Amino acid sequence: MVGGDPGIAPAAAGAAPSASGAVDVAIIGCGPAGLTLAAQLALIPGISTRIFERKAGPLELGQADGIACRSMEMFRAFGFHDRVLREGYQVNETVFWRPGPGGAGLHRADRIQDVEDDLSEMPHMILNQARVHRFFLDVMERAPARLTPDYNRDLTMIEETGDGGHPLRLTFDCLDRPGRTETIHARYLVGTDGARSTVRRHLGHQLRGAAARQLWGVMDVLAVTDFPDIRLKAAIQSADAGSLLIIPREGGYLTRLYIELDELHGDERAADRGVTPEMLETRARAILAPYDFAVKEVAWFSAYEIGQRLCDAFDDVPGAGRDRRGPRIFIAGDACHTHSPKAGQGMNVSMADTFNLGWKLAAVLRGEAKPALLHSYSAERQAKARELIEFDRDMARLFSQKPATAEEAAQFQAYFQKHGRYTAGVETTYDASDIVGGRRHQALAAGQVVGKRFHSAPVIRLADAKPMQLGEVLLADGRWRLFAFAGAGDCGAAGGKVAGLCQFLAEAPDSPLLRHGPAGADADVLLDLRAVFQQPHHALRIEAMPDLLRPNKGRYGLTDYEKIFCPDVKSGADIFAMRGIERDEGALVVVRPDHFVAQVLPLTAHAELGAFFARFLVDRGAAPARGSAAR
């Protein structure tokens, strides 16, 4: 046996761009949205991708730093959440400071837990955006596609040629070779190229919205202070000097300050004020008085005007044309929604945009899903961006309000607590559609809400007694998950509902596994079935489980033993109780490749399960998948 890094996948054949410069997906921009998409496509075999960036190299100093709990769950799917945990600052509590009695000085009015119990198994983290970029780049470089960005490439022309295969012709200026250009052809184009997006301009879309005309400054500093909560997230509202938000940074010493300045007037822009670090320090001292605050070094600073803007659509299909053609060009992140940074959602929502889009592109390109699936990207993410805009507008207004009474001063804190789930990134809910079912059977799994992200809980893996989070099986690999939560007394034996589900999936003509899966492939290449039983793991026999829960896979037909789980009764963390799973009947929870619950069904609702996938998956008429036949 030869030692090696298990994080480096074998290089894939056939994923490189063709000699003619044709690719499946071209991505413009190496921000968080672009890198999330590139990393996901690099991990899914058979897709050729290139990502282009105007800058000369990777980001070195990032502006965004807040990482929501939901983003950490997503990072786990890519395999680098542990690096963020090791390097970042973990936000545990938030404190609120307000004027003292009679409006004098400051006092700590309250402190709250930053993330409520059992909201997520992942914490709220703070880490330089450049490090997050590095982690995504590492995933890309180690993935089967061995993908690396093309830097020094400025997109200058987008032409729609009408070619049925690769209908988009893209021309770039090669900034590292003056006078040279490069032209490629692509099936799909994704613009993640920021608020001044070239791709958005080509589409003719506009960012619409209004600015609040409120100027804020932000700076990362090394400072000496006697303010006692400098290492806690702190929201400070002074009597007459403005407001301040403190965000501790990684490393133990660096601190980020969001500092309220003055209103802008007329046509005045943030750049017209000539904001300097000295001006920001002076205002911060005034807000923090009577505490001392002395800046020793400024690592980065900026000034910005609060504004929220949004595009009407995130793709190239006019509203009236959605029944006639599918989208070919998409925009994501700041290219289609912008807002103030204090809500801490910019980078997080941008990454969520392309995590939503990536698996859909992959499914269509691999012939698994019908092209109409791609319409759901703009429909789902534009609605979520609109919610963010409304949330951000309220947050910005409350930050700038001058508290006249104790009741008004407490309003911001109440809002902050109420929307803690939103800032954690776990409240996103997609409406019913072809890929989000109804809630007729929601009571079978009350804590796994259809349209929301799958809520993990502790389990014990049967084969090796490993304690783990069930969410650890949710990878960024483009596969759907079927979680079969067994009813009381079901131990997987023949005659039980779990065995009946396995038999349907392995043998029935309308099984989504057989109807839509590729012929001769591993049984779980499209739909990954997992089972969770109610008994302690010592009470179950893995050898008695259905074959589909112990599939033979790969060229050697090796058995996959990692698909069966039990509650973690030793710790008292019973997943059935924690997630409201109906104990007598059990439940089948269908989870999308981006980890959102698509459907909750009875374990015996075989026809409904088949009909759900038939809405959007291609009918292949495949032969039985490898590993699904009886032993």
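How many bridges join strand S18 to strand S19, and do they run parallel or antiparallel? I looked this up in the predicted model. Four bridges join S18 (residues 458-461) to S19 (residues 466-469), and the strands run antiparallel.

**Hairpin.** I followed the pair to its turn. Arg461 has Lys466 of S19 as its bridge partner. Four residues lie between the two strands of this hairpin. In the turn, Ala465 has a positive phi of about 60 degrees.

**Second largest pocket.** I turned to open space next. This pocket holds about 1,300 Å³. I found 41 lining residues, with Ala9, Leu43, Leu475, Asp477 and Arg479 the closest to the centre. Helices H2 (69-78), H3 (81-87), H4 (129-142) and H7 (346-365) each give at least two residues to the lining. H4 has the largest share, with four residues. By class, I noted 20 nonpolar, four polar and 17 charged residues in this lining.

The largest cavity has about 300 Å³. Its lining has 23 residues, and Arg70, Ala352, Arg381, Gly425 and Thr428 are the closest to its centre. H2, H7 and helix H8 (375-400) each supply at least two lining residues of the largest cavity.

I noted two nonpolar, three polar and four charged residues for the second largest cavity.

Notes. Residues numbered from 1 in each chain as written. Predicted model: local features only at pLDDT ≥ 70, side-chain atom pairs only at ≥ 80, totals over all residues. Heavy atoms only, no water. Pairing = 2+ DSSP bridges. 1 Å grid on protein atoms, 1.4 Å probe; cavity = no way out; pocket = protein on both sides within 12 Å on 5 of 7 lines; lining within 4 Å. Points joined across faces, edges and corners; volume = space filled by probe spheres on them. Nonpolar A, V, L, I, M, F, W, Y, C, P; charged D, E, K, R; others polar.
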